[in-house]
Amino acid sequence: ALLDTVRAIQREAGTLGAIGVFGLVWGTLGFYSALESALNIVFGVQNRAFLHQKWVTFVLVTISLLVLFTSLMVTTAATGWYHRHAPHLVDLKLIPFIATLAATTAGIFLFLSAVYKYLTNVELHLADVWPGALVGTVLFQALFSGLSLYLRFSDSLLTLRAFGGLVLLLVWLYLMANIIVLGAEINWWHWSRRQPTEPELEGLA
């Protein structure tokens with residue numbers, strides 16, 4: 001019976017895969033929509049219309065995936081080129097680390113800049129969003145480092161291993177959302193200072 005179930009799943013692998021991809025894309029669109037609402041609350045503006053919002057989030061999801069795959073390809077290509085052409089130039093362990101750090105830093109900064117610039121229902125420019133994107137990039141890198149340390153020590157400490165993957169995912173999403181909102185607050189403060197002040201009308205004598 002178990003073998004028949006496995007074979008049935010294998011026969012429907014294409015359909016199940018398509019359903020899984022659709023669910024992943026729809027869930028990601030929902031996450032970006034919630035993120036847009038949070039950013040608009042920070043700036044004190046209304047959300048876009050439903051179809052306009054879904055279109056903006058769909059384009060942003062597509063661009064995010066392209067940036068992610070491009071970062072991975074650049075990191076892999078740089079590491080491969082080093083192994084083929086300059087294996088003894090510098091420390092072998094240093095090159096992959098630097099390449100990965102540079103690619104992930106650039107990818108995170110571009111991702112946050114795009115999120116702050118295009119999701120917020122305010123006309124913003126790169127000069128308005130770079131402070132929050134920079135702070136968010138640094139905090140994200142620190143979060144990645146903390147996650148890698150947790151995964152390294154969780155193999156030897158049973159207490160950390162008991163902190164299950166689902167709980168870890170929820171904590172990760174919570175921290176990620178707070179980092180993005182913190183960057184939005186920084187951008188709002190930076191953007192509001194750059195806005196021209198309205199002249200005060202003198203009262204009637």
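Predicted model: local features only at pLDDT ≥ 70, side-chain atom pairs only at ≥ 80, totals over all residues.
Residues are numbered from 1 along each chain as its sequence is written, and side-chain values use heavy atoms, with hydrogens and water left out.

**View A. Overall fold of the protein chain.** The chain comprises 7 helices and 0 strands, helices (H or I, at least four residues) and strands (E, at least two) being DSSP runs numbered from the N terminus. Of its 205 residues, 28% are buried, that is, under 20% relative accessible area, whereas exposed means over 50% and partly exposed lies in between (1.4 Å probe, protein chains only).

View B. Helices H2 and H3 each supply at least two residues, and H3 gives the most, with 4. Ile 63 is found in helix H3 and is partly exposed, at a relative accessible area of 42%.

**View C. The largest nonpolar core and Leu 119.** A nonpolar core is a set of buried Ala, Val, Leu, Ile, Met, Phe, Trp, Tyr and Cys residues joined through side-chain atoms within 4.5 Å. This one has 27 residues, and Leu 119 is among those that touch the most other members. Helices H2 (13-43), H3 (50-85), H4 (94-119), H5 (126-154) and H7 (165-194) each supply at least two core residues. Beyond its neighbours within four places in sequence, Leu 119 is in contact with residues including Tyr 32, Glu 36, Leu 39 and Arg 48; contact means heavy atoms within 4.5 Å.

**View D. Salt bridges.** The whole structure holds 2 salt bridges, each a side-chain nitrogen of Lys or Arg within 4 Å of a carboxyl oxygen of Asp or Glu. Arg 48, in the loop between H2 and H3, pairs with Glu 36 of helix H2, 12 residues apart, at 2.7 Å from N to O. Both Arg 48 and Glu 36 are buried. In the other pair, Arg 194 and Asp 128 have their closest N and O atoms 3.0 Å apart. Arg 194 lies in helix H7 and Asp 128 in helix H5, so this bridge ties together parts 66 residues apart in sequence. Arg 194 is partly exposed, at 48% relative accessible area, whereas Asp 128 is buried, at 5%.
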